[in-house]
Amino acid sequence: MLLGSLCTTDNNQMVCAVGDGKCNISDWIVIDLTEPQETLKKAIDYFKGFDDLAAIGISSFGPLELRTYSSQYGYIKESSRPNWQNINLLGTFKHHFNIPISFTTDVNSRAYGEYISSILNDKPILSLAYITISDGVGVGIVNDGKFVGHMGSPEIGHIIPQRDINDQDFKGTCPYQGDCLEGLVSSKAIEARTHKRPQEISMFNPLWDTVAFYIAQSVIQTTVFIRPQKVILGGSILNEIELGKIKEQFKKLFDGYLDVGDIDKYITLPSQDADKLSIIGNLALAKQQFYSEDIR
């Protein structure tokens, strides 16, 4: 069975790939995210090069309309990316391909990629949360093989964390809540504070302790509400040093209230490259979509 995957990346690109029913990737291309018509034409042309394509999995930046009963199901909604507002992404592909197509968020596909990879490696993680922190903050939650969130993806980026005593004056960058989690820890928030890209800021800068304080609170929220086996932290601002800071803040703030086991196994970086996780997740979701439509 030949399956397709389309996923958007944190680097303003789109990755198109094909693979088999066991999530082995056989081919892929990277497309720069320019104007919607130009970008999607390149993606469509790529997939049309495979005559025996059985299904496609699509995952994208949002916000997305994920309610299947909505007249705008499959749309990219009010995106901050120029010219990518109100784009009928799913409908465009359905117009060109008469095959089953799954549709979800970019972080959902990464979470599902972690879930599938754990099963393929005989180390199943049946409940996990994947939190990504880049220009925005998103989360994908997989519980017993299903996504959490009937009306759409959970929006952990918009929880209101307790403010750090050394960070009282920063108003935050979120246009809605201001100092929600996304408004305090996203790369845009870090740049607004420092006028530097996160990668240009020394890890000795105390700002990273403040960022860790906020992210640790999101892990606590996830822990008490979801009780997952694992919390995975990805995105452009995360690295091993910052992960260590987050774990220390988590232990200090949570104070052992619930047993999460070995913290080094409970809070981790992604098991592999985020784009590869998205492809694996999309291939698995495309296969699932193929068989669910075949049954109907």
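Is Phe 147 buried, exposed or partly exposed? Phe 147 has a relative accessible area of 28%, so it is partly exposed (buried means under 20%, exposed over 50%, partly exposed in between, with a 1.4 Å probe and protein chains only).

Before you click on: this is a predicted model, where local features need pLDDT of at least 70 and side-chain atom pairs count only at pLDDT 80 or more, while totals for chains, interfaces and linings use all residues. Residues are numbered from 1 along each chain as its sequence is written, and side-chain values use heavy atoms, with hydrogens and water left out.

**Ring pairs.** There are 14 aromatic pairs in the structure (Phe, Tyr or six-membered Trp rings with centres within 6.5 Å; planes under 30 degrees apart are stacked, over 60 edge-to-face, the rest tilted). Select Tyr 46 and Phe 47: the ring centres sit 5.3 Å apart with planes at 70 degrees, so this pair is edge-to-face. Both Tyr 46 and Phe 47 are buried.

Tyr 112 belongs to helix α3 (residues 106-120) and Phe 147 to strand β10 (residues 146-147), so the pair ties together parts 35 residues apart in sequence (helices, H or I of at least four residues, and strands, E of at least two, are DSSP runs numbered from the N terminus). Tyr 112 has 5% relative accessibility and so counts as buried.

Next, pick Glu 182 in helix α4 (residues 181-185). Glu 182 is buried but has no salt bridge, and Lys 188, the nearest side chain of opposite charge, is 6.8 Å away (a salt bridge puts a Lys or Arg side-chain nitrogen within 4 Å of an Asp or Glu carboxyl oxygen). What does the side chain of Glu 182 reach? Look for the backbone nitrogen of Val 137, at 3.0 Å.

**On to α6.** Stop at Arg 197, in the loop between α5 (187-194) and α6. Arg 197 is partly exposed, because its relative accessibility is 46%. Then select helix α6, residues 207-226: 15 of its 20 residues are buried, so α6 is largely enclosed by the rest of the structure.

How values were computed. Lys, Arg positive; Asp, Glu negative; His and termini not counted. Polar contact = N/O pair within 3.5 Å; in protein donor to acceptor, adjacent residues only side chain to side chain.
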